[in-house]
Amino acid sequence: MTTRLWATPEVAGIGRVPMRPPLDPLDAGADPTTDATADSPYVRSLDGRWDFQLHANPAAAAAGEETAAWGRIDVPGSWVLPATADRGTPIYTNVIMPFVAEPPAVPDDNPTGVYRRRFRVPRAWRQRRVLLEIGSADSTVEVSVNGEWIGYGTDSRLASTFDITDALQAGDNEVQLVVTAWSAATWVEDQDQWWLPGLHRSVRLVSVPAVSIGDAALVPGLERSDDAWLGTLDVGIEVDWGTAVPDDGWAVTVELDSFAGERLAETGRLDVPRFQFGEPLSELISATFFTGSVARARLCVPGVSPWSHESPTLYRATVRLVDPEGRVVDVRVQRVGFRSVEISGRDLLVNGVRVLIAGVNRHEFDPDRGRAVDIDAMRRDLELMKAHHVNAVRTAHYPDHPAFYDLCDELGLYVVDEANLESHGRQASLCLDPRYQLTFVERVMRMVQRDRNHCCVIGWSLGNESGDGPGHAAAAAWVRSVDPSRFLQYEGPFMHDLGAAAPVSDIVCPMYTSVPDLIAWSTAGSDPRPLILCEYSHAMGNAGGLDDYVAAFRAYPGLQGGFIWEWCDHGIRRPDGDFAYGGDFGETRHDANFCCDGLVSPDREVHPSLVEHAALFAPMALAPRRGGVRVINRRSFEPIGGAAARWRLRADGAVVARGKAALPLIPAGSSADVALPAEVVAAIDAVDAAAEVHLDLEVAPTIAAQVALRRARSSARRPGRPGRPVRLVVGESVGDSVEIAWDGLTVAAPELCLWRAPTDNDGLKIGWLEGIGARGAWVRLGLDRLRCESTAVRSGRGSTRESRWVAEGSSDAIVHRQRLRVDAATVRIDDEVVVPDAFDDLPRVGVRFELPTGFDRLRWFGLGPGDSYPDRRTLPVGVWDERLDEQRLPYVMPQEFGHHVDTRWFELAAGRRRLHVGAPKPFGFTASRMSAESLTRELHASDLVPDDRVWVHVDGAHRGLGSAACGPEPHDRHRLRPGRYRWSWTMELR
């Protein structure tokens, strides 16, 4: 590397082939019905093992082989992965840059990788051109072939493609790629990510004819015509003349077929225009009207089946280039789906229908390979999304792998495609820096040029957290001119002003706006655009509050959903199987575990927040009606029903009957009142009249709902064998102690507990954000260090204790009064806690007691099967079982988990002994072998060691979760204020 291109922000690329849709060339005689899915004979992958050198900086790389040893490395991949490879370390930052400098400067310590590989060009490729396609190079790449310098590229999330034909030789050829870790472009790729230098997508050789199909725009649309759907395909096929002199007689044809082989439409012969050289007048006319060697047409296809997230119907378009002799010389195939996207008033319409956007933000990430994500992993992600009623993806914060869009077309997910632009570390200034304006515009242009054929792409995003400057305005103008078929969005102007005019954006797309502020925006009605949150409901660790958002989306005009941040935790797998986050590799500048903020774990274990999403965005809902239920179809396009549905009847949580029943066909957006089948009525009549009764209805594996047909008279009901005799022991162990004693089991009376292990949304444990948020306030109040100052015990008919609890440095005391009474085999406990004004917004108000480890089987009647919290409680009601020894912390960072709200009763069993806990009203509890103290203290799941006891919490109140790590605190109704708390409950040993 003899130049400083990597340090020059004005240069985005040199020698690159213009960006085009990634349509591999097929053989001229190929039959698209059979060959389109086969590997192209004109593509050769260079993935696999490459020779590799790592240098301290570009200057050292330019010095040659003597400065570093050659090794071997896998492509695709990052040279810092696996972390044991001793080639530098991953670095995670969210906002701060990983180095101290002013743009466009980067450190002199700039690791630079040199990749080399030999290859041979197939004999069949002679007389054709050969392109080298580098799918992704982070941060920049310079290319040489056989010692000849070819070109240079930036933009680490889009391919850089070079014509290397003239540099090739017979026999062996050698390609060299020089990749820098940092560059001037790094300043616009500051995207809440691991910094992972390398080649993250495939490197390929692609052979095209001497004259070939260049850009092939096939932009889908949909119109209504005579009560039928008319599909439209706007065709713009550019011919790439290569080094040939443009000539008359070239033509293009485009044919559209169903995948069953039925021909639906065709353009016929489209002559390819060319500039008319010759007489001055001819050249003047041609200069005025010639718009390039692009054959244009519009295909109209009546009677198509529209593409949507519920019914992703696809067709096949085949493009052929014909030479002046009538020979087909190039063939490309594109899958096509017909759909329309428009904004009407405050509604975003797909196919003329308002669609609620149940979206997620998705980084490309694999716990072992970083951003080198294969197609099987992409499909797994998308299928998991579909199973949990995610219908849209924002490609945060860059265009994804080309195969991702093919999969979204196939499976049915809307995509907001985002340009590779984020200057978070300098967002207010870099957008005004004239040296970066070309970069801003070109990255948006190249994204649109690559992805505009995909029906899944319904909108373009100009980037993320990059301020608001002339580059955004210029990019928006270009997109509106080239592709008016989709909406444009950009959050920058809305960051500090929800009412911003923001002409660059067709929708209002803020991030992390609170529900009250959203409602205020809606009711003001001053902005005519729909509002779709580009980020909300920050899914870091144990999170909640999504229910309030979805309720607002369904109730208020203009609010049309959003994209949850984000899909997966970005933990890098460690040798011990645990996951690393920022700082775990010795980095001094990092953002700790802020990369672990997903709806699924790094290895795609589903988090409770994703289960909540599935319930809140479920396509079917049920409501009770006299003698039946109302079935509500929340789908946008497709009906529900028309066949047998499966039902289960639960009495006090236990399934007492099940069967199948016919369900009428219910159109999208409609509902129907359905009478209960005779079998259900008979089953209800057969159960105890005081039983709580629920009906589960399942239409398909992912379309299910539950409705309460009868509420409980008392949540403490629990049939079972009589309890064992019990007594209270006062002052036997310690003068002011009370113990509950059965034959063979003694339990100390439950003690006051106000602490929960802080969640990530309560406040981060480590990093520069430590001390911010609720966690910091709790620690400052000393809630993790409460001590009992005094206890007084009175005995009579039972036992009454009054304890005063104080925090270090505070004169205010929290008073806990507890009355215990024995009624036959039952211990009745009445708790009262008085919280003074100094202790505001508490984690929990409850009590805790201990059991021996033998009580390792948990059974409860309430919401399940997972955990639940005041602002995450959409699980069905039932009786659920769990082994405590099998409890797994579902989050990378240890924190509070495993709570259960709305519980009617729970039991912990040791062999044949069962400790039963119930209450007159639904309550909350936690049972675990992991104490709140250890969950608070430890920093990785692998550090947690189950205690030699079972910790049981019974709560009178528990704080909500919220998403305050990067969003709002829990709603006020889910926060615990000073005052008096009372609750009653019972214990029995059976």
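This report describes cores, sheets and helix packing in a predicted model.

## Basis

The model is predicted: local features need pLDDT of at least 70, side-chain atom pairs count only at pLDDT 80 or more, and totals for chains, interfaces and linings use all residues. Residues are numbered from 1 along each chain as its sequence is written, and side-chain values use heavy atoms, with hydrogens and water left out.

Helices (H or I, at least four residues) and strands (E, at least two) are DSSP runs, numbered from the N terminus.

## Nonpolar cores

A nonpolar core is a set of buried Ala, Val, Leu, Ile, Met, Phe, Trp, Tyr and Cys residues joined through side-chain atoms within 4.5 Å. Buried means under 20% relative accessible area, exposed over 50%, and partly exposed in between (1.4 Å probe, protein chains only). The largest core has 146 residues. Tyr115, Leu132, Ile134 and Leu177 have the most contacts inside it. Helix H5 (residues 402-411) gives the most to this core, with six residues.

Contact means heavy atoms within 4.5 Å. Leaving aside residues up to four places away in sequence, Tyr115 touches Trp50, Asp51, Phe52, Ile73, Val75, Trp79, Val175, Gln176, Leu177, Val179, Gly198 and Leu199.

Two strands pair if DSSP finds at least two bridges between them. An open sheet of four strands runs in the order E2-E17-E8-E12, with antiparallel pairing. Strand E2 (43-45) and strand E12 (160-163) each have a single partner strand, so one side of each is left without a neighbour in the sheet. Neighbouring strands here are turned by 20 degrees against each other on average, direction ignored. Axes are lines fitted to C-alpha atoms, for helices over the stretch in contact, and angles run from 0 to 180 degrees between N-to-C directions.

Strand E8 (residues 129-134) is joined to E12 by four bridges. Leu132 has Phe162 in E12 as its bridge partner. Leu132 is also one of the residues with the most contacts inside the largest core.

## The seven-stranded sheet

An open sheet of seven strands has the order E34-E33-E31-E30-E29-E36-E35 and parallel pairing. Its edges are strand E34 (487-489) and strand E35 (531-536); each has a single partner strand, so one side of each is left without a neighbour in the sheet.

The bridge partner of Arg394 in E31 is Val416.

## Helices H4 and H5

The axes of helix H4 (residues 375-387) and H5 come within 10 Å and cross at roughly 35 degrees. On the H4 side, Ile375, Met378, Arg379, Leu382, Glu383 and Lys386 take part; they meet Ala403, Phe404, Leu407, Cys408, Glu410 and Leu411 in H5. By class, this contact has eight nonpolar, no polar and four charged residues. Ala, Val, Leu, Ile, Met, Phe, Trp, Tyr, Cys and Pro count as nonpolar, Asp, Glu, Lys and Arg as charged, and the others, Gly among them, as polar.

In helix H13 (residues 774-781), Ala774, Arg775, Gly776 and Trp778 are buried. Just after H13, Gly782 takes a positive phi of about 80 degrees.

Strand E50 (residues 787-796) and strand E51 (residues 798-806) pair antiparallel over nine bridges. A hairpin joins E50 to E51 through one residue. Arg787 stands opposite Val806 in E51. E51 also pairs with strand E52 (residues 813-823), antiparallel over eight bridges. There, Trp805 stands opposite Ile814.
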